[in-house]
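This report examines a structure that is shown below. Please keep the sequence and the model in view while reading.

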Amino acid sequence: MPRNRLWLPPLALLAILYVVWPWLGGSPFLVNLITGGVIWGIFAVSYDLVLGWTGEISFGHALWFGAGIYGVALLVQATHIDTMLAILIVAAITAPLSFLVHIISLRLRGAYFAMITFAIAEFAYLLVQNATALTGGTNGLTGIMLSPYFLDPNFLYAIPAALLLIFVLGLRAIGRSRSGRIVHAVRDNPTRAALFGHNEVLVKGITLSASSALAAIAGGLYLAYQGMAFPDAMSSNTGFMVLLMVVIGGADSIWGPAVAGIGLYLLENSLTSTTAHWSLWLGVVYVLVVRFLPNGLGGLGPRRLWAPRGQTAILHEGAGQSRTKVRESNLE
Amino acid sequence: MTLQLSALQASLQGAPVLHAVDLDVKPGQVLALLGRNGAGKTTTLRTIMGLTQQTGGHVRLDGRDLGGAPTWQRARIGIYFVPEDGGVFQELSVLENLRLAGRGQPEQVLGAFPELKALWHRRAALLSGGERKILALARAALSGSRWLLIDEPSLGLAPAVLRRLGQAIAALRAEAGVLLVEQNLRFAQSVADDYVLMQRGSTVDQGPIEALRESPFFAQAMSFGSGEGDSA
Amino acid sequence: MIANVVLAGISLAAFYFVLSAGLSLVFGIMGVLNFASAGYFLVGLYAAWYMLGHGSGFLVAALAAGLISGVTALIVEFVMLRPLYRNPGGQLLTTLGVMLILTEAVNWVFGPQIQQEPMQGLLASTLPVGGLPFPVYRLLLIASGLVIYLLLVALLRGTSLGLKVRAGVESQTLAELSGIRVLPLRSLVYALGGILAGFAGALYGPFGGVYPGAGTDTLLLTFIVVVIGGLGSVGGTLVASLIIGLAEALVGFYAPNLALTVNVLAMIIVLILRPQGLLGRAPGRRDTHAA
Ligand SMILES: Nc1ncnc2c1ncn2[C@@H]1O[C@H](COP(=O)(O)OP(=O)(O)OP(=O)(O)O)[C@@H](O)[C@H]1O
Ligand SMILES: [Mg+2]
């Protein structure tokens, strides 16, 4: 076995242990908690495509999570189709929708991009809150007819984990492929990438639309997990939280955000009951990571596993400098 | 007393753009930096100002290496950069632009640039291209800088305005050494004393401006007959 | 009655102006979308509430609130933002963290409950306007907004420091090329932004309530105002505040749920069609050739 495949056997073992653990008497409370964590792990991985791969800061990622939640809830309510199928259909619809939204948003960069994504997500959040007839408003949508496998906590626990593993391995592979290198080249030096015929807006738009589709899948799973849809899940707080996860885990490493997503979700939901100030410490850790660890906590681990392929442009000196202000001239 | 670049290297967003730039500007000298589009002339000026990341070599002023000095410090010790677009504050009036330029009283420039009188309180965005360039040079004069870096001042100017610009630059050289980037050869020849030729990020030849056309690098550096399609 | 609604809209506008002017200036000179502003707002809100509860007069409390927030901002700038000044992405992310930290810190110290702001005397009374009672306090809002506007204009137009700030707002590079040290200028403007946000917090208490979520609740509105006014422009912020304040009062009068939604939609449209703001001039006429 080649050296760079050495991690495969332990990973497979871990996966098997993970899946059989509930049947071997894992605590139902923990099983449930971990399920939520893994779903957030998928959500975090999807945001890594935004922050890590395109280098743009979006404050509106909660929108795509919410699209998954409400899209699947409404689709299942209307058609009673299989839940997993509904999730895939909603993801497939989200992708082109997100492409469109982002092609428009990408007319702006830096702080302006951050602001328009924030505004669009808040707009959708307000619509969901106010379109009571469709979404139930602040009462949310309850009584969704989920497929039987999602009603069994052990399956509910295994399915997101399988998807997360597929996404992480798949995205790592794509990141190393030619397409992945193009995405990174566009992020690091759009001017030069353009010389090689790579349209920045197109490349970033496609990446962002894939990211939104993944976020929608996470949202659909979250709906299955909660059994109901509430507007709060797509509030700006959700968008901030996923950003914190990716920054802390280490943008562009895919693994880092996955682990940070799971870990921070578990911490939040086990610590909030013991220390009321969990969020304060989270904020402090996050600010320190931004300042001192441009590759996140993941960057601290063994390089082989963690280290991102390129630099994480968004968190490094000088990155994106020229495009932060709309008015600055070519002097910049 | 020279502004001296030696083996200067610089990168843009990680891509090396300047490889080996060597040149000296002396007080009272107008040195024309010539080369075709993309040769790295603007990048050279920006690197002198500390606006582009220097990756090797030296920028020396009177023998002192400017090293990692920030842009504002380079400006204060007497290097003034007039970018291609004029480098004036569009949102500020002519008077305010002059006030920010430096030590002298704004009124001082009226002797050399009387045309500014009528525009005194106008917002710079509302000036014509030529007026804006005059304002930029007036700012340069007022700054009292001993070194002026001027990027393509002739761009888009009518011949009459160009003559006025030539006079303005000639007036500035009395106080300062000028490094002038130009595409307009005739204009360059009318104001410059010497030339430096640049090609793909490196300086390749220099000499007195009268000898420019005899340079073995002239045709190639200015892309005459090189067949690569750039115009000089 | 309509006079009453319009006056309410103007008072709201005055508050939005104080709330947003600092954010706009800070963006202008630093290029940073300052989420932390919501945190300074919250600090000011609680500082004023605390002082009012301990016998201080309203104006003293409001000025002290501005000062405390300003000092907080100065420390944040010095310790957290300055080291990242060549990294705008990192700065943006940091200000978000500062907002979360300050919000949680206030939550920790004062608890999550809504506090009652003790208002007495003239400020708690009302005047009849257009046949309906109009709170005197809202007149104070209008006066504060006006005074702050005039002070800002005097600072920016009438002093050489203000001239340098305006130069830095237009182009940091060009300012440095003119020999201006932009770094200390940034700290100063950032602290000023903190002061304005803190003062706005003090103004918010009596009509908006004192609770830890107040900062994040007003965040979206600030963004709307600065975007519509054009980031970096004080005059634009004033006009945008009036538009948003009046729109909120009028739309809110007929359809309370729609007011915010309409304003957010306006923000999105402005961002797409005129990112420089409704009144802003087309970005850099001088650099139409730049990417
Ligand atoms: N971000 C970038 N990454 C890589 N190369 C770049 C980047 N920006 C500019 N360049 C290249 O750097 C080179 C030097 O550019 P510069 O502006 O200094 O040329 P110039 O000599 O001033 O040309 P002109 O006469 O057209 O003004 C050009 O070939 C340009 O394509
Ligand atoms: Mg050039």
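## Terms and model

A residue is called buried when its relative accessible area is under 20%, exposed when it is over 50%, and partly exposed in between. The model discussed here is predicted.

## Chain A in outline

Chain A contains 15 helices and 0 strands. Of its 332 residues, 56% are counted as buried. When contacts in chain A between residues at least 6 apart in sequence are considered, 78% of them join residues at least 24 apart.

## A nonpolar patch on chain A

A nonpolar patch on the surface is formed by A:Leu13, A:Ile16, A:Leu17, A:Val19, A:Val20, A:Trp23, A:Leu24 and A:Phe155. Together these residues have about 810 Å² of accessible area. Which helix gives the most to the nonpolar patch? The answer is helix H1 (residues 8-20) of chain A, with 5 residues.

A:Val19 is one of the patch residues, and A:Val19 lies in helix H1 of chain A. Because its relative accessibility is 35%, A:Val19 counts as partly exposed.

## Salt bridges

Side chains of opposite charge can pair when their charged atoms come close. Over all chains, the structure holds 12 salt bridges. One of them joins A:Asp252 and A:Arg187, whose closest N and O atoms are 3.3 Å apart. A:Asp252 lies in the loop between helix H12 (236-249) and helix H13 (255-271) of chain A, whereas A:Arg187 lies in helix H9 (residues 178-188) of chain A, so the pair ties together parts that are 65 residues apart in sequence. Are A:Asp252 and A:Arg187 buried or exposed? Both A:Asp252 and A:Arg187 are buried.

A salt bridge also brings together the side chains of A:Glu56 and A:Arg109, at 3.9 Å from N to O. This pair links distant parts of the chain, 53 residues apart: A:Glu56 is in the loop between helix H2 (28-54) and helix H3 (62-79) of chain A, and A:Arg109 is in the loop between helix H4 (83-105) and helix H5 (110-130) of chain A. A:Glu56 is buried because its relative accessible area is 4%. A:Arg109, at 12% relative accessibility, counts as buried. A:Glu56 and A:Arg109 are linked with A:Glu200 and A:Lys204 in a network of salt bridges.

In chain B, B:Glu115 forms a salt bridge with B:Arg164, and the closest N and O atoms are 2.9 Å apart. Distant parts of the chain, 49 residues apart, are linked by this pair: B:Glu115 is in the loop between helix H3 (94-101) and helix H4 (129-143) of chain B, and B:Arg164 is in helix H5 of chain B. B:Glu115 is partly exposed, with a relative accessible area of 32%.

## Backbone angles in two loops of chain B

Most residues other than glycine have a negative phi. B:Glu152 has a positive phi, near 40°, although B:Glu152 is a residue other than glycine. B:Glu152 is located in the loop between strand E7 (147-151) and helix H5 (159-173) of chain B. Its relative accessibility is 8%, so B:Glu152 counts as buried.

B:Arg200, which is not a glycine, also has a positive phi, of about 45°. B:Arg200 lies in the loop between strand E9 (194-199) and strand E10 (202-208) of chain B. With a relative accessible area of 55%, B:Arg200 is exposed.

## Contacts between chains

B:Gln13 is found in the loop between strand E1 (3-12) and strand E2 (15-25) of chain B. Its relative accessible area is 43%, so B:Gln13 is partly exposed. Apart from neighbours within four places in sequence, B:Gln13 is in contact with A:Asp188, A:Asn189, A:Pro190, A:Thr191 and A:Arg192.

C:Arg166 is placed in helix H6 (residues 160-170) of chain C. C:Arg166 is buried because its relative accessible area is 12%. Its side chain reaches the backbone oxygen of C:Leu156 at 3.0 Å. If residues up to four places away in sequence are not counted, C:Arg166 touches B:Leu92, B:Glu96, C:Leu156 and C:Arg157.

## Confidence in chain B

The mean pLDDT of chain B is 89, and 96% of its residues reach 70 or more. Within chain B, confidence is highest in helix H1 (residues 41-48), at 96, and lowest in helix H7 (residues 218-221), at a mean of 82.

Note on methods: Residues are numbered from 1 along each chain as its sequence is written. Chains are lettered from A and ligands numbered from 1 in the order in which they are written. This is a predicted model: local features need pLDDT of at least 70, side-chain atom pairs count only at pLDDT 80 or more; totals for chains, interfaces and linings use all residues. Side-chain values use heavy atoms; hydrogens and water are left out. Helices (H or I, at least four residues) and strands (E, at least two) are DSSP runs, numbered from the N terminus. Buried means under 20% relative accessible area, exposed over 50%, partly exposed in between (1.4 Å probe, protein chains only). A polar contact is a pair of N or O atoms within 3.5 Å; within protein, one must be able to donate a hydrogen and the other to accept it, and residues adjacent in sequence count only if both atoms are side-chain atoms. Contact means heavy atoms within 4.5 Å. pLDDT is the predictor's confidence in each residue, from 0 to 100. Patches are made of residues with over 30% relative accessible area and no salt bridge: like charges are joined within 9 Å, nonpolar side chains (Val, Leu, Ile, Met, Phe, Trp, Tyr) within 5 Å. Accessible areas come from the Shrake-Rupley method with a 1.4 Å probe; for residues, only the protein chains shown count as cover. A salt bridge is a side-chain nitrogen of Lys or Arg within 4 Å of a carboxyl oxygen of Asp or Glu.
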